[in-house]
Amino acid sequence: MQHTKMTQEVDLTISHHQIQVRSRDFDEELCQWGETNIKQGVVIHPGYLTFDPIPDDAFGAWVKLALKEAFIEDPNAQRRMVVPFDVLDSEKLELLSVMSDAVIELPLQKGRYALYFEICEDEEVYYRFTFVHEGEGIHARYLMDDEWGGK
């Protein structure tokens, strides 16, 4: 019996003020930040999300990915939000920033997920993405107030 991997950790070089999660090919137009996106902290398109990692510089950080039945908050979170994420093509699942990328190895199937994004700080900054298969009722929103304007 093959064990399905439900978690993944990626050492990602984050740059150009973005972390992307996508399930489709790269599209420069879908990466553009507008005034509303800056306030939201995320650019949302079907199968294509770009999150603001907050720091401006290029830096390395651990990104923790998980597929869960339900979301459990990280007590070290400094920012927490949920957004809808559509898996359009499970063969094109990627986590990336401009300077590095990684294939998402979680067993995500075509359909809609609630994607929980957390910026956390313990001894160093790390990021968490938790996918929860929840169907159509997902609305993008902050789940906590933060010092960067998330409400």
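Me: What should I know about the model and its numbering first?
Reply: The model is predicted; local features need pLDDT of at least 70, side-chain atom pairs count only at pLDDT 80 or more, and totals for chains, interfaces and linings use all residues. Residues are numbered from 1 along each chain as its sequence is written, and side-chain values use heavy atoms, with hydrogens and water left out.

Me: Which strands form the open sheet, and in what order?
Reply: The order is 1-5-10-9-6-11, six strands with mixed pairing. Strands are DSSP runs of E, at least two residues, numbered from the N terminus. Two strands pair if DSSP finds at least two bridges between them.

Me: What makes strand 1 and strand 11 edge strands?
Reply: Strand 1 (7–14) and strand 11 (141–142) each pair on one side only.

Me: How do you know that strand 5 pairs with strand 1 and with strand 10?
Reply: Count the bridges. Eight join strand 1 to strand 5, and these two run antiparallel. Val 10 stands opposite Val 63 there. Seven bridges join strand 5 (residues 59–68) to strand 10 (residues 125–133), and this pair runs parallel. Leu 67 has Phe 131 as its bridge partner in strand 10. The definition asks for at least two bridges, so eight and seven both qualify.

Me: Which side chains of strand 1 are buried?
Reply: Gln 8, Val 10, Leu 12 and Ile 14 are buried and point to one face. Buried means under 20% relative accessible area, exposed over 50%, partly exposed in between (1.4 Å probe, protein chains only). In a regular strand the side chains alternate between the two faces of the sheet.

Me: What makes a set of residues a nonpolar core?
Reply: The members are buried Ala, Val, Leu, Ile, Met, Phe, Trp, Tyr and Cys residues, joined through side-chain atoms within 4.5 Å. The largest such core has 32 residues; Phe 51, Leu 95, Phe 129 and Phe 131 touch the most other members. Strand 5 gives the most to this core, with five residues. Apart from it lies another core, of six residues, among them Val 82, Ala 114, Tyr 116 and Ile 138.

Me: What does Phe 131 contact beyond its neighbours within four places in sequence?
Reply: Its contacts include Val 21, Leu 65, Phe 85, Ile 104 and Tyr 113. Contact means heavy atoms within 4.5 Å.

Me: Why is Ile 54 called buried?
Reply: Its relative accessible area is 18%, so it falls in the buried class. Ile 54 lies in the loop between strand 4 and strand 5. Its phi is near 85°, positive in a residue other than glycine. Most residues other than glycine have a negative phi.

Me: Is Glu 118 buried or exposed, and how do you know?
Reply: Buried: its relative accessibility is 0%. Glu 118 lies in strand 9. Its side chain reaches the backbone nitrogen of Asp 74 at 3.0 Å. A polar contact is a pair of N or O atoms within 3.5 Å; within protein, one must be able to donate a hydrogen and the other to accept it, and residues adjacent in sequence count only if both atoms are side-chain atoms.

Me: Why is the pair of Phe 51 and Phe 129 called edge-to-face?
Reply: Their ring centres are 5.3 Å apart and their planes stand at 65°, so the pair is edge-to-face. Rings of Phe, Tyr and Trp (its six-membered ring) pair if their centres lie within 6.5 Å; planes under 30 degrees apart count as stacked, over 60 as edge-to-face and the rest as tilted. Phe 51 is in strand 4 and Phe 129 in strand 10, 78 residues apart. Both are buried.

Me: What makes Phe 71 and Tyr 116 a stacked pair?
Reply: The planes are 5° apart, and the centres 4.1 Å. Phe 71 is in the loop between strand 5 and strand 6, and Tyr 116 in strand 9.

Key:
Helix = DSSP H or I, 4+ residues; strand = E, 2+ residues; numbered from the N terminus.
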